[in-house]
Amino acid sequence: MPGASPPNEADLAPSDGAARDVAARVPAAASAGARGAARRLAGAFTVDVEEYFHAETLRPAAAPSAWDSLESRVEGAVDRLLDILDERRTRATFFVLGWVAERRPALVRQIAERGHEVASHGYGHVMLDALDPAGFRRDLRRARAAIEDAARARVEGYRAPTWSIGPGTAWALDVLIEEGYRYDSSIFPVRHDRYGDPRAPIVPHRLARAGGSIVEVPPLVLRAFGQNLPAAGGGYLRLLPFRYTRRAVADAVAEGRPAVLYIHPWEIDRRQPRLAVGTLRALRHYAGIGRVEEKLVRLLADHRYGTVAAIVRAFEAEEASGTPGDRRAA
Ligand SMILES: [Zn+2]
């Protein structure tokens with residue numbers, strides 16, 4: 001049935017923070033509705049909206065001071081993603097880089113107008129271990145201002161550059177709570193050379209901090225050999241056989257945990273300029289780009305996906321009804 005039925009109400013809700021806040025405060029009938037809606041979703045489809053030259057892998061060949069002189073490619077690739085999502089009647093969450101929102105406000109507006117959730121990927125694509133709390137707060141505020149101005153919608157979610165919230169940067173959660181974010185989707189529950197926390201939960205959960213709490217929505221992992229293996233999209237979709245990602249999604253669906261997928265616009269852009277980086281970095285960035293679009297179409301045809309906000313609403317509804325453990329894997 002994937003794709004055959006019209007998108008449900010929760011999936012189609014506009015990026016309107018006020019409306020969602022009201023929904024979150026109405027526990028009874030609205031909660032049951034949100035739970036039912038999210039159960040029909042396999043998970044969330046997400047896009048980190050940035051230029052190819054923002055990728056950490058290309059940083060040696062693309063210093064921030066050079067960004068404005070490099071060819072911009074983000075618009076064409078986002079347009080293509082929007083069309084692919086329209087074809088599947090899928091609403092997604094776009095984590096937009098503030099740097100892009102300042103330069104391409106019409107693009108961000110179009111994402112919102114076509115029914116998607118617009119959230120924040122920060123401003124300058126600096127990994128959080130290179131920032132302190134004050135610097136992170138400045139980056140967040142500058143991004144929010146640019147994104148909300150462009151989208152004319154309220155931002156309530158955040159994803160850190162290069163999944164850089166982990167055990168060493170947990171202070172960032174305090175800043176996110178103080179800045180009014182409802183959810184974060186930055187903690188990759190895996191072991192990796194640059195990011196991740198293999199002990200983090202693999203399902204949506206609430207993180208309690210001194211000043212409040214925030215819902216964490218982790219990207220999809222494959223449980224195998226007693227470990228969490230990253231499987232949410234991006235380089236894993238490009239570099240590994242398609243059946244690996246498909247298996248990870250199928251397992252998540254069978255276990256009742258939302259499959260949170262992600263992609264970057266540059267990952268479907270075959271014509272992007274090739275920057276001069278070493279062999280390993282070139283492999284990490286460019287390998288498999290030619291087949292990603294086809295893989296995405298197949299993934300979206302297998303199951304129905306919605307926004308991260310829809311996953312968060314369903315999680316909060318389960319919290320309100322006292323059954324937040326329902327979706328947890330055994
Ligand atoms: Zn990024």
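This is a predicted model: local features need pLDDT of at least 70, side-chain atom pairs count only at pLDDT 80 or more; totals for chains, interfaces and linings use all residues.
The chain has 330 residues, and buried residues make up 50% of them. Its secondary structure comes to 13 helices and 11 strands. Contacts between residues at least 6 apart in sequence were examined for their span, and 79% of them join residues at least 24 apart.

The largest nonpolar core holds 91 residues. Within this core, Val96, Val108, Val118, Ile147 and Leu220 touch the most other members. Helix H13, residues 308–320, supplies the largest share of the core, with 8 residues. Several of the elements described below contain one of these core residues.

Packed helices are considered next. Two packed helices are described by the angle between their axes and the distance between the axes. Helix H6 covers residues 105–113, and helix H7 covers residues 133–151. Their axes come within 7 Å and cross at roughly 65°. The crossing of H6 and H7 is right-handed.

Arg109 is located in helix H6. Arg109 counts as partly exposed because it has 17 C-beta neighbours inside 10 Å, a count that falls between the limits of 12 for exposed and 20 for buried. Arg109 and Ala150 are 41 residues apart in sequence, yet their C-alpha atoms are 5.4 Å apart in space. With neighbours within four places in sequence left aside, Arg109 is in contact with Ala150, Ala151 and Arg152.

Strand E2, residues 93–96, pairs with E3 in the parallel sense over 4 bridges. Val96 has Ser120 of E3 as its bridge partner. In a regular strand the side chains alternate between the two faces of the sheet. Strand E3, residues 117–120, is covered on both faces. Glu117 and Ala119 are buried on one side, and Val118 and Ser120 are buried on the other.

Strand E9 presents another arrangement. Asn228 and Pro230 form its covered face, while Gln227 and Leu229 form its uncovered one. E9 pairs with E8 in the antiparallel sense over 4 bridges. Leu222 stands opposite Leu229 of E9. E8 and E9 form a hairpin with 2 residues between them. Strands E6, residues 205–209, and E7, residues 212–216, also run antiparallel, joined by 5 bridges. His205 stands opposite Glu216 in E7. E6 and E7 form a hairpin, again with 2 residues between the strands.

Backbone angles pick out two further residues. Most residues other than glycine have a negative phi. Phe225 is not a glycine, but its phi is positive, near 55°. Phe225 lies in the loop between strand E8 (221–224) and strand E9 (227–230), in the turn of the hairpin. Phe225 is exposed because 7 other C-beta atoms lie within 10 Å, and the limit for an exposed residue is 12 or fewer.

Thr162 also has a positive phi, of about 50°, although it is not a glycine. Thr162 sits in the loop between strand E4 (157–158) and helix H8 (171–178). Thr162 is buried because 21 other C-beta atoms lie within 10 Å, and a residue is buried at 20 or more.

Gly196 is buried, with 22 other C-beta atoms within 10 Å. Gly196 and Ile165 are 31 residues apart along the chain, and their C-alpha atoms are separated by 7.4 Å. Leaving aside neighbours within four places in sequence, the contacts of Gly196 include Trp163, Gly166 and Phe188. Pro189, Val190 and Arg191 are also in contact with Gly196.

Note on methods
Residues are numbered from 1 along each chain as its sequence is written. A nonpolar core is a set of buried Ala, Val, Leu, Ile, Met, Phe, Trp, Tyr and Cys residues joined through C-beta atoms within 7 Å. Axes are lines fitted to C-alpha atoms, for helices over the stretch in contact, and angles run from 0 to 180 degrees between N-to-C directions. A crossing is left-handed if the near helix is turned anticlockwise from the far one by less than a right angle, and right-handed if clockwise. Two strands pair if DSSP finds at least two bridges between them. Two residues are in contact if their C-beta atoms, placed from the backbone, lie within 7 Å.
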